[in-house]
Amino acid sequence: MSDVSSLPWAAAPAAGNAIGLYAKWSPALDGKVEAALQRLRDAHAEHGAGLVQSSSLGVEDMVITDLIARAQLPVDIATLDTGKLHAETLALIPAIGERYGRTVAVFKPVAEAVITFVKREGEDAMYKSIDLRKACCGVRKMEPLGRMLAGRTAWITGLRREQSGARGDVGFDENDGQGRRKISPIADWTWAEVWAYVEKYAVPYNPLHDQFMPSIGCAPCTRAIAVGEDFRAGRWWWEDSSKECGLHAKG
């Protein structure tokens, strides 16, 4: 990894940014870091080239990319570009290359499928019904995810149990329902611990996290959350339902 002293994300944290607001290195975190590194080493030893990090480019996934680089593991990193992501999110793709010397494979939806969907349902289809929102996710996320995971035996995610009730039982290594293993090496980390790691190791992150967006997806489907709201309350906030798109549905 290159020297980070001159990079923009290496600046001293301001009290009002996510690091200043949330970072707290707990006595348990040293052990959690070592355990996460070992989970990644074990996953690579078992799966080799069949392993991929599926990165949302959210802060948890950026921490995992840093852990992979720290362990010097030749694990592929991939992400989904739905065509509706914030510019701040997309900017992390070259930032990963600059910081870690790693290329991120980008999987996009089939252009013709998106055009057909938008022509039929409109640009704002996601707001019209849960079924249409899920259909949009299907075209923009689920189909390219299938291509990302084709031929893989395991994938690494940034899921944490604290993120929502639906994720409260996330395992470190579990079956994804499609014959692959899903590895979530920081499943037991707290939000404060994630940001403490970011601060200590100068991990690049999405500046939208500084604007009270703990969970960042497509721009039309993400808003800031208020004090006391669930981590994922800013995703599909107009819906009274589970805040999932299908990427991490239990198989």
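User: How many residues apart in helix H8 are Trp-191 and Trp-195?
Analyst: This is a predicted model. In it, Trp-191 and Trp-195 are 4 residues apart in helix H8, so about one helical turn separates them.

User: What kind of aromatic pair do Trp-191 and Trp-195 form?
Analyst: Edge-to-face. The centres are 5.7 Å apart, with 80° between the planes. Ring pairs also link Tyr-22, Trp-191, Trp-195 and Tyr-205 into a cluster.

User: Is Trp-195 buried or exposed?
Analyst: Trp-195 is buried, because its relative accessibility is 0%, under the 20% cut-off. Trp-191 also counts as buried, at 9%.

User: How many residues are in the largest nonpolar core?
Analyst: 41. Trp-195 is among those with the most contacts inside it, along with Leu-67, Ile-156, Trp-189 and Val-198.

User: Which helix gives the most to this core?
Analyst: H3, with 7 residues. A second, separate core has 11 residues, including Val-118 and Trp-236.

User: Switching topic. Which rings have charged ends sitting over them?
Analyst: The ring of Phe-172 has the charged end of Arg-39 over it, 3.5 Å from the ring centre. Over the ring of Trp-25 sits the charged end of Lys-200, at 4.4 Å from the centre.

User: And Thr-89, where is it found?
Analyst: Helix H4, residues 87–90. Thr-89 is buried, at 3% relative accessible area.

User: Which side chain does Thr-89 join in a polar contact?
Analyst: That of Asn-206, at 2.9 Å. Beyond its neighbours within four places in sequence, Thr-89 also touches Ser-56, Leu-57 and Ile-216.

Key:
Residues numbered from 1 in each chain as written. Predicted model: local features only at pLDDT ≥ 70, side-chain atom pairs only at ≥ 80, totals over all residues. Heavy atoms only, no water. Helix = DSSP H or I, 4+ residues; strand = E, 2+ residues; numbered from the N terminus. Buried < 20%, exposed > 50% of the residue type's maximum accessible area, 1.4 Å probe, protein only. Polar contact = N/O pair within 3.5 Å; in protein donor to acceptor, adjacent residues only side chain to side chain. Contact = heavy atoms within 4.5 Å. Core = buried A, V, L, I, M, F, W, Y, C linked by side-chain atoms within 4.5 Å. Phe/Tyr/Trp six-rings, centres within 6.5 Å; stacked < 30°, edge-to-face > 60°. Lys NZ or Arg CZ within 6 Å of the ring centre and 35° of its normal.
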